[in-house]
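I opened my notebook for a friendly look through this model. Here is what I looked up, entry by entry.

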Amino acid sequence: MTPPLSMKVLLGSAAALVVLAGAGGYGLARLTAKPASTAAPADARKVLYWYDPMVPAQHFDKPGKSPFMDMQLVAKYADEVTATGPAPGVSIDPSATQNLGMRLATAEEGMLTGGLTATGTVDFNQRDVAVVQARSGGFVQRVYGRAPGDVITAGAPLADLLVPEWGGAQAEYLAVRRTGDAALTAAARQRLRLLGMPDGVVAGLDHDGRPRTTITITAPLGGVVSKLDVRAGMTVATGQTLAEINGLSKVWITAAVPEAQGGQLRQGQSVSVTLAAYPGETLRGTVQAVLPQVQGDSRTLQARVELPNRDGRLKPGMFATVAFDGGRQAALLVPSEAVIRTGARNVVMLAVEGGRFQAVEVRTGREAGGQTEILQGLSPGQKVVASGQFLVDSEASLAGLQVRPLPPPSPPMPSDMMTMAKPMTPARSMAPAKPALFEATGRVEQIGQSSVTLSHGPVPALGWPPMTMAFRADPMLLKGLKVGDQVSFGFDQPPAGATVRRIAKTGGAQ
């Protein structure tokens, strides 16, 4: 049944009240929740200003997009600035360091072994070589089946040589000997020796009086036949080389030592040699010589080690590992993995106060056992990043931070003053670094009164990607330039911002 009109009115009013009450409650809830959501935590970091990392000298009072290039401004917090200026180094998000497993190591005084290890090969002993030559001209009647590479013993026959000239000389000698004249006999015997006749042949002639015109050429020492130039039926001349033999009683180990470690080599130094062919066996030897010339292709010094080879187990061409003995010396050590080697210099990431990191140039020395000697740039007790240092290095490059350089070398002291000088504590102050000049190429987009906007390529030294940005520049440098010119330029990063110091056209306008 249809409700009366008065009942419809009452139901409509009640629904309206419910809607209004709900809306009022929702609004009340929003009003009461808003202060709680916008309230700043009590320990929030205080922002001093915002800045563009590419132009750090320009400050802004609110966040937003940089007017210099298409990127957001970065906040500079109060805890990043000390009483004397910006805190040194760069700060890394603790969560990033934890995720990357960043590990710190302490620069400590320790003992570094002076030994080094190098690879080498077994070579022939070039001091133990015999050259077999024909003492007289003749004909090869027989060869004994030798070939290059054969290992033979001393006295092994190589070939039979017929020397017709010896027949007449021996007959004359026998005739003179029958005269009984001792002087003439001695002179005739000497003539036989001058013809190249061995003493054994002369002695046999004296013994039985029978001429011998064929001689057997034998090996004067045992070893490897490295060269053999004698064949049956060939004619040989006096002094012609028939064979060469390399002895095997001693061999050389030629070790290739990197040029940077060549200062640790010395003649007479003891070494331990292990060979891949005989694992677990160690041979002892000494450095016979350090060759005076560096190998140009590999930049290595050649150290020659001589080893006995009584049983002939050491074969030329074998691979060997040579460990050079050396004493232990005290040194300031850091893990080798902590050193970033750029080619131009060596850098470590130093952990400073406030959880910040600073790039520091160091001078390194020897390296052994995963430790590197630090000669200059660090002090004992300082902590460096041993794992994850490339993250810190990239952050420092993006922030435009310069590497703390090494102090300049002290001028040499005159010899007459060195005897009067007293030991002094090394000064910790360092000369200010000369601003680095970074090179790039690009295109002129806009020219101002004392600025130029360039679309440039990447700058690897700073870790910059290709971008378009404004540079400060001397108006004199900008004369003759116009929009669209392709240029090469060099710039530095003083506190006032990136400044062009050199600029030149490389092509026409586009």
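Entry: a strand with two partners. I started with β19 and found that it pairs with strand β22 (residues 319-324) in the antiparallel sense, over 5 bridges. Strands here are DSSP E runs of at least two residues, helices are H or I runs of at least four, and both are numbered from the N terminus. Two strands count as paired if DSSP finds at least two bridges between them. Within this pairing I noted V322 of β22 as the bridge partner of V273.

Before going on, I wrote down the ground rules: this is a predicted model, in which local features need pLDDT of at least 70 and side-chain atom pairs count only at pLDDT 80 or more, while totals for chains, interfaces and linings use all residues. Residues are numbered from 1 along each chain as its sequence is written, and side-chain values use heavy atoms, with hydrogens and water left out.

Back to β19 (residues 270-275): I found 5 bridges joining it to strand β20 (residues 282-290), and the two run antiparallel. S272 stands opposite R284 in β20. I also saw that β19 and β20 form a hairpin with 6 residues between them, and that G280 in the turn has a positive phi of about 85 degrees.

Entry: two helices. I then looked at helix α3 (residues 164-179) and helix α4 (residues 182-194), whose axes come within 9 Å and cross at roughly 165 degrees. The axes are lines fitted to C-alpha atoms, for helices over the stretch in contact, with angles from 0 to 180 degrees between N-to-C directions. α3 and α4 are therefore roughly antiparallel to each other, a label for angles over 145 degrees. The contact (heavy atoms within 4.5 Å) involves residues of α3 including Y173 and V176, and residues of α4 including L184 and L192.

Entry: T372. I located T372 in strand β27 (residues 371-376). It counts as buried because its relative accessibility is 1%; buried means under 20% relative accessible area, with a 1.4 Å probe and protein chains only. Its side chain makes a polar contact with the side chain of S336 at 2.7 Å. For that term I noted a pair of N or O atoms within 3.5 Å; within protein, one must be able to donate a hydrogen and the other to accept it, and residues adjacent in sequence count only if both atoms are side-chain atoms.

Entry: G223. I found G223 in strand β15 (residues 223-228), and at 3% relative accessibility it counts as buried.

Notes: Buried means under 20% relative accessible area, exposed over 50%, partly exposed in between (1.4 Å probe, protein chains only). Angles under 35 degrees count as roughly parallel, over 145 as roughly antiparallel, 65 to 115 as roughly perpendicular and the rest as oblique.
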